[in-house]
Amino acid sequence: MDEWLEQIAAKYGYNQELKNAISLTIPLMIKKYGEKRKQEVFDLFENTRIFTTNDMSKDYRDEIEKEMIGNINSHLLQEDTDPYQTGNDPASYYSYQAVYDEDMNITGEVRWIVVKDMAGSYQEESYRNLFGTSINMPYFIHEVGHAFGMQNPTYQKDGNTIYTKHGMYEQTYTYEQKDGKMKLETIKTDNILLEEIVNEKDTQDMLTDMMNVANYQEVEKKLGEIHHVESNYSTILIALASKLEKELGMENLLKFRKDNQKEIIQEFNRVVAQSDIAKKYFPNEEGYAYLANIAFELFQLSANAPKMSMDDYKLETSKLMVDGYKPLCAHSGMSLDRFDEIKKDILGEELENQNENDFNSSK
C-alpha cells in the first residue's frame, strides 16, 4: 500500500498529514465492508480528490468547486441547494458534480472531499497525539464513507427530468432552456438523513475499532478530552440506523446503498406493509419513506433544540423516536399489542391518550 499511497499523493499533491489519514482509514474500511470490497476502497481514493483546510467559508468552498469543475458544464445554470436546510457552513463535506454534454446526457462525474485540518489550531497537538495526524479523523472517516457509499451513482433521464441516486440520497430535478443556457432546478430530494445516519453509524464503528475500545461511549470520552465538536446526529438517530442495519443485514444495506439493488427496500416495504403496526399508524405510506421522514424531523428538532425548553425538547424527541421505530418494529415482526405496550411505557399514559386522540381526529 505504501507505493500506491505515494502515487496517489503525487497525483493530487497530498502532504504527510493527509497520507497518514488515508493509511489509517483504508484498513478500517476493509475490515468494516469486507475483503471482497477492498478494490472498491482503493478506487474511491483514486477517483476522489481530497482537500484539507481550516477555512470552510462559502467563498473558499466556491474556489475549490471552481478548481474541480473548471469549464465543465459551462452551458448550465445551477441553483445552490441545502438539502439539510440549516444554512450553516459544513464542518467537512463530500461533493460531486455530474458532467453533461450539450444534449444533457451524463458523461461522467467529478468528485471531491473537503475536510478539516486542525493544523494551526490550539487543538492541533491533541489531534496529532490521539490520531497520529492533524487531520480531523472523525470528520475524515465520515466523508470518505460517503464517497465510498456514493461511488456507483444512478442517473436516469426521462424527457427533461433527471433522477439521481447517490448512496441512499435520491434527487429529482428538471432542466429547461433559459437565456441561452440550460437551467437545472431541484424538484425533490429524499433520504438524505438516512444516508447521513447510516454513514455516521459506520464511522462510529470504525472509530471504535481504530481506538481499540469496547464501545463508542469510550470513543466519545476520548474525543471529549480533546474538545472535539461532534456531529449533529443524535444517539436516537444512530440507534435507528443501527436497527435498520440489523433488520436488513449490513451487506444487504450496502447492496442497496452502494450497489443500487432497490429490490432490497421493496422487500422491506412489503414486509412492513403486512404488519398491524403499519396498518394502524401509517397505512398509506411505505415504511422506508416513513422512516426517512421521521429521521429528517429528528434532525431538524435537534437543530432547533436551543430555541426550546428542555421539557418540550425531551417530549418531542420521545414522540419522534417512537414514530421512527414503528416501521422497524413492524419489519421485525413485533405484534401491535407489544408495540403499543412499549409505546405507552415510553410516552406515559397521558401522552399516549393524547396521541391516540390526535391520531383519531386526523383519520
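**Figure 1. Two cavities of 30 Å³ or more lie within the structure.** The model is predicted; local features need pLDDT of at least 70, side-chain atom pairs count only at pLDDT 80 or more, and totals for chains, interfaces and linings use all residues. Residues are numbered from 1 along each chain as its sequence is written, and side-chain values use heavy atoms, without hydrogens or water. A cavity is a set of points, on a 1 Å grid over the protein atoms alone, where a 1.4 Å probe fits but cannot get out; lining residues have an atom within 4 Å of a point. Volume is the space filled by probe spheres set on the points, which are joined across faces, edges and corners.

**Figure 2. The largest cavity has a volume of about 50 Å³.** Its lining consists of Tyr33, Val198, Asp202, Glu245, Met250, Leu253, Leu254 and Arg257. The most, four, come from α10. Helices are DSSP runs (H or I, at least four residues), numbered from the N terminus. Five lining residues are nonpolar, three are charged and none is polar.

**Figure 3. The second largest cavity holds about 30 Å³ of space.** Ser234, Ile236, Leu298, Leu301, Ser302, Tyr313 and Thr317 line this cavity. Helix α13 gives the most, three residues. The lining has four nonpolar, three polar and no charged residues.

**Figure 4. Methionine 29 makes contacts across the sequence.** Contact means heavy atoms within 4.5 Å. Leaving out residues up to four places away in sequence, Met29 touches Gly34, Val41, Leu44, Phe45, Val144, Phe148 and Met206.

How values were computed: On a 1 Å grid over the protein atoms alone, a cavity is a set of points where a 1.4 Å probe fits but cannot get out, and a pocket is an open set with protein on both sides within 12 Å along at least five of seven lines; lining residues have an atom within 4 Å of a point. Helices (H or I, at least four residues) and strands (E, at least two) are DSSP runs, numbered from the N terminus. Ala, Val, Leu, Ile, Met, Phe, Trp, Tyr, Cys and Pro count as nonpolar, Asp, Glu, Lys and Arg as charged, and the others, Gly among them, as polar.
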